[in-house]
Structure formats: structure tokens, C-alpha cells
Amino acid sequence: MWGFIFGGMLVLAILGVIYLWTRFKKFGIVKKLAGEKKWLLNVLAMIPLLIFGICFALDYVNTGIVLVHMSVYWALAELIAALIRKLRGKKEAAETDQTEETKKASGKDEAAGKKGFQPYIVGILVLCFELSYFSVGWVLDHHVWKKEYQLTTEKNLGMEKLRIALIADSHVGTTFDGEGFARHLKTIEAENPDVLVISGDFVDDDTSKEDMYRCCLALAGFQCKYGVYFVYGNHDKGYFNYRNFTAEELKNALDAAGVQVMQDEVQLVDGKFYIVGRQDKSVRDRISIDKIMPLLDPSKYAIVLDHQPTDYDAEAAAGADLVLSGHTHGGQMLEINMVGALIGANDRTYGMETRDKTDFIVTSGISDWRIKFKTGTSSEYCIIEVVQK
């Protein structure tokens, strides 16, 4: 699937480069510098694309995303501009063309100079929009906000309220390193949660061993009443075997940090509430939720950690009280979000919903995977308060 996605993006990026080359030739400054030399016009229009080429060699994923976005939005802007011109009427267009021909025929240097610097309004607007769009996307991705949820339960929590901190999708090494993760943990610790849960994709293929160990050291020092619980995501154990630590080393480091690593396991915490940690959906032989939940005392509150939000009906039918997921990155980009919703890639992309008596929360994640922009969402950690009625 990922090969198809990246292959498609590469084809779109190549087509986008060709299209953008034709657009850059329309800028007045480029025309003026080239004069009557068509070869120079083509060369000057290639300069921005050469810059893109250097960026592509350094980071093909994000450069490809920028190229595809720019070419698509530019084409849409051109289409809108063409429709506006058509609506103005053929008569006005003809008069404008006649005026331009008259100026050209006059041969005046001043008129020619003005024509050379005629602004390409569509191109200027598109470039300003893209710069603003990706600048905001960078900030939304690299800054981390707090997201709060208030829930109630009729079950006996054994306390007035339970305060849960949720993080997911740190993909350490993308927007912050091990030290950055430690700083975020200090921010979360200041919220005084009773328990910290990590719902998958803690590390990635690009995470270094040094950063992984620094993150685990930070988790070892995290202060909360009931400790830290962890489930694997689809990236944690690695895909391509080129990082400098193994899945076993990650497990050992988490164990040494006192983190409860859960793989289709149940933990009754202080005799008060359950945490159910599921294997990731990518694990073929993971235990179905309807075989896990009957093992629990139904009078106690049950929190299920499930990285991918794709098993809602079964989890609601099994009687889970709260299901916490990540994986989606909140849709990451506005356009990806819309496509994901259209094809039903997940039961939910972001936020909270309730099915039967089960509450489901999907976090957009504290970071992301490879794509260094978020639009339509932002990076976050969640503070969830469950209050006993």
C-alpha cells in the first residue's frame, strides 16, 4: 500500500514540476529578464525548480507534498481565474486584447517596459497562499497543545475522579529528539495526572538508539500515582531494520524504566480500574476484544489502549468504558483527512465519540511521522478526567 502511495505521489510530483515550470514562465519579472530570448525564459523558469530539486534530495517526502499541493492549488486558481474572465464577457476580453495589440504596435519603450513587468496576479496569490499555508502547518505540527476531555461514569472508580494523561505518535526524531520528549513529559507531569498512557508509535525507523534511551530515562523519572502504560503501534517494532536498535532493546529499555508494556494484556490498577493493552491491528494473531473483556469484573471501569481506531463496534459490544487511540495524526493534512473520511480508513480520525456506553478518543499525537506539517489539526497531549457520578 505504501509503495502505491509513494509511487503515486512521485508521479504527481513529476507532473507538478512540469506544470509549475509553465507557470513560472508567466511571471512578469521572468519575461522582462528573458526579453525575446525563449531559451532564457525557459532557463529562468527552471531556477525555482532546481531549488525544489535540492530540497527533494534532502527530504523527498515533505518536498513532494509541497510540490503536489502547489501544483494542484495553482491549477485550481487558474481554473477559477479563467471562469472569472469568462463571466466578464467576451466583449470586454476582446476590447482588452485590442488595447494590448495597440500598445504593442506603438513600439514605445515605456509601454513595452510596463508590459514586461505586468504582475501575474494568480501566481502571486498562489505563492502567498502556499507560504502562509505551510508556515501555519509547520507551527501546528511542531508546537504541542493541551487537549482536555471531561467524562463521567456510573461505575465505582474507587476515587472521586481519575486523571489520565494520553500521548501517542511521538515518532521520536521527527519534530523533537530525546531531550525534546523529556521536556514535553515535564509539561505533562505538571498537570498532575494519576496515570500516563502511551497509545503507540513511540519510536520510528528513524529514531536513534541514543534518543530512544533518553526517552525511556525520561519515562523512568515521570511522577504519577499509578505509573506509565504502553502499547505498541505499527511503527514501534520497525519496518526496514536499518535503525541502530532492535525491538527487543526497546522492550528492555521500557521495562527497565518501569513502563508497563502491554501486549493483549490486562492490568487491574490498585484494585480500582482496569487498563487493557491491545496488540496493534497489524499483528495478525492479536486476541479479539470479545475474548479479553469477559475476564474483567464488569463493575470496574475499563480503559482500552488500542493504537489504531478501527475496532469500535467490537469494543463497544464487548463493554469497554473508554478506548484511547492515536495512529491517524488527526488526519495530518486537511486534504488527507477528507480522503480518509471518504474511504472510511478509520472508525474515527480525531476527537471523541460515544457508541452505546463506550467513549472513544483519538488523539492527533504529540508529533508525526515524516510529514512535518499539520493542517486542520495540531500536535497535542490529552488530559482526560473521568468523574464518578
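Colleague: Let's start with the largest nonpolar core. Which of its 33 residues touch the most other members?

Modeller: Keep in mind that this is a predicted model. In the largest nonpolar core, the residues that touch the most other members are Ile167, Phe181, Leu185, Phe202, Leu219 and Leu254.

Colleague: Which helices and strands each supply at least two residues of this core?

Modeller: The helices are α8 (178–189), α9 and α10, and the strands are β2 (161–167), β3 (195–199), β4 (228–231) and β12 (379–388). With five residues, α9 gives the most to this core.

Colleague: Could we zoom in on one member? What does Ile167 touch, leaving aside residues up to four places away in sequence?

Modeller: Ile167 touches Phe181, Leu185 and Ile188, then Leu196, Val197, Ile198 and Ser199, and also Ile366 and Tyr381.

Colleague: And which residues does the second, separate core include?

Modeller: That core has 26 residues, and Leu40, Leu41, Val126 and Phe373 are among them.

Colleague: Now to helix packing. How are two packed helices described?

Modeller: The description uses the angle between the two axes and the distance between them. Take helix α9 (residues 209–220) and helix α10 (residues 247–256): their axes cross at roughly 25° and come within 9 Å. Angles under 35 degrees count as roughly parallel, so α9 is roughly parallel to α10. The crossing of α9 past α10 is right-handed.

Colleague: Which residues make that contact between α9 and α10?

Modeller: From α9 come Lys209, Met212, Tyr213, Cys216 and Leu219, and from α10 come Glu249, Leu250, Ala253 and Leu254. Sorted by class, the contact of α9 with α10 has seven nonpolar and two charged residues, with no polar ones. You have met two of these names already: Leu219 and Leu254 are among the core residues that touch the most other members.

Colleague: At what angle do helix α3 and helix α4 pack?

Modeller: Helix α3 (residues 38–58) and helix α4 (residues 60–88) pack at about 140°, and their axes are 6 Å apart. Roughly antiparallel needs an angle over 145, so α3 and α4 are oblique to each other. On the α3 side the contact is made by Phe52, Cys55, Phe56 and Leu58; on the α4 side, by Tyr60, Thr63, Gly64, Val66, Leu67 and Met70. By class, the contact of α3 with α4 has eight nonpolar residues, two polar and no charged.

Colleague: Let's move to the loops. Is Asp169 buried or exposed?

Modeller: Asp169 has 0% relative accessibility, so Asp169 counts as buried. Its place is in the loop between β2 and α8. The backbone of Asp169 deserves a look too: phi is near 55°, a positive value in a residue other than glycine.

Colleague: What is phi of His327 near?

Modeller: Phi of His327 is near 75°, again a positive value in a residue other than glycine. His327 sits in the loop between β9 (322–325) and α13 (334–343). At 22% relative accessibility, His327 counts as partly exposed, because buried means under 20%.

Colleague: One last residue. Where is Lys357 found?

Modeller: Look in the loop between β10 (351–355) and β11 (358–362). Lys357 counts as exposed because its relative accessibility is 77%. Not counting residues up to four places away in sequence, Lys357 touches Ala320 and Asp321. The C-alpha atoms of Lys357 and Ala316 are separated by 7.1 Å, and these two residues are 41 residues apart along the chain.

Key. Residues are numbered from 1 along each chain as its sequence is written. This is a predicted model: local features need pLDDT of at least 70, side-chain atom pairs count only at pLDDT 80 or more; totals for chains, interfaces and linings use all residues. Side-chain values use heavy atoms; hydrogens and water are left out. Axes are lines fitted to C-alpha atoms, for helices over the stretch in contact, and angles run from 0 to 180 degrees between N-to-C directions. Helices (H or I, at least four residues) and strands (E, at least two) are DSSP runs, numbered from the N terminus. Angles under 35 degrees count as roughly parallel, over 145 as roughly antiparallel, 65 to 115 as roughly perpendicular and the rest as oblique. A crossing is left-handed if the near helix is turned anticlockwise from the far one by less than a right angle, and right-handed if clockwise. Contact means heavy atoms within 4.5 Å. Ala, Val, Leu, Ile, Met, Phe, Trp, Tyr, Cys and Pro count as nonpolar, Asp, Glu, Lys and Arg as charged, and the others, Gly among them, as polar. A nonpolar core is a set of buried Ala, Val, Leu, Ile, Met, Phe, Trp, Tyr and Cys residues joined through side-chain atoms within 4.5 Å. Buried means under 20% relative accessible area, exposed over 50%, partly exposed in between (1.4 Å probe, protein chains only).
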